[in-house]
Amino acid sequence: MLNPKISIESLQNPRIKSLVKLRKSSERMARKETLIEGCREVERAIMGDYPIHEFYICSSQLNPTTSSLISIYADQHEISIYECTEAVFKKITYRETSDGIIARAPIPQRTLAKIKLSNHPLLLIAEGIEKPGNIGTLLRTADAAGVNAVILINSKTDISNPNVIRASIGTLFLLPVIECTPDECFSWLEKNHIRSVGLTPEAKHLYTDIDYTQPTALMVGSEDKGITAICKKRLVNEVSIPMKGHNDSLNVSSAAAIALFECIRQRANI
């Protein structure tokens, strides 16, 4: 058994100061670490066998089930659990409700070469996404659709952002998420004979006109500019979602959901 929980009562404790610094993207990038807050998020990191460096808890806020789970994990992996007072825990939380649990962990770093493709690959590519909430929602949508991986091109926010982790409800630790350049992405798709299909408002073909039963990578663009001209040049197909009202486009995660579930519908019998 690992040593008992280590108590932290001082707001000036060096470990607490170190955790607070991880709120900044530059600090996360320099240290290649992030914070995982919340029971579901931490539990999913554990479920995905994701490495965790240490836990910080506030027992008065933590539910018994999660408490037992992290105790077992800490013993098995020989990592520490730090028991914080409510005042100390409040200082290190990024959001209003953290369920009494925060884990310090390395930033996810995956590569295209490590993607395990199914017999009928389906991937989601997102270019230039700026809002952490949209990235998180895209990850949840992609997971629901059963994609093999999500590829982020020229993302405007880092995936270690606690708001990405929160919005994805920890899906970030269960689904392969890869950051790369446009050239790396399209070269890899071509090498693996995966057709790229981009959602663009001006496309003449509707998203329902395409055969998604073959290996497919569905691509969505940034919230304000959509897919860039550089990426459009390398797309195999462009499709659009018909808009019957006053707006000419949908939220990026909504658009991705509509197209991905059309893929699921077509693939029902393969």
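1. The model is predicted: local features need pLDDT of at least 70, side-chain atom pairs count only at pLDDT 80 or more, and totals for chains, interfaces and linings use all residues. Residues are numbered from 1 along each chain as its sequence is written, and side-chain values use heavy atoms, without hydrogens and water.

2. The structure holds 0 disulfides (pairs of cysteine sulfur atoms within 2.5 Å). Cys180 is in none; the nearest cysteine sulfur, that of Cys185, is 4.9 Å away. Cys180 is buried, at 11% relative accessibility (buried means under 20% relative accessible area, with a 1.4 Å probe and protein chains only).

3. Cys231 has its closest cysteine sulfur in Cys185, at 7.4 Å, which is too far for a bond. Cys231 is also buried, with a relative accessible area of 1%.

4. Five strands form an open sheet in the order E1-E4-E3-E5-E2, with mixed pairing. Strands are DSSP runs of E, at least two residues long; helices are runs of H or I, at least four; both are numbered from the N terminus. Pairing takes at least two DSSP bridges between two strands.

5. E1 (6–8) and E2 (33–37) are the edges: each has a single partner strand, so one side of each lacks a neighbour in the sheet. E2 pairs with E5 (residues 101–106) in the antiparallel sense over 5 bridges. Glu33 stands opposite Pro106 in E5.

6. Helix H1 (residues 14–21) packs on the sheet, touching E1, E2, E3 (54–57), E4 (80–84) and E5. Contact means heavy atoms within 4.5 Å. Helix H4 (residues 64–77) also packs on the sheet, touching E3, E4 and E5.

Conventions. Buried means under 20% relative accessible area, exposed over 50%, partly exposed in between (1.4 Å probe, protein chains only). Axes are lines fitted to C-alpha atoms, for helices over the stretch in contact, and angles run from 0 to 180 degrees between N-to-C directions.
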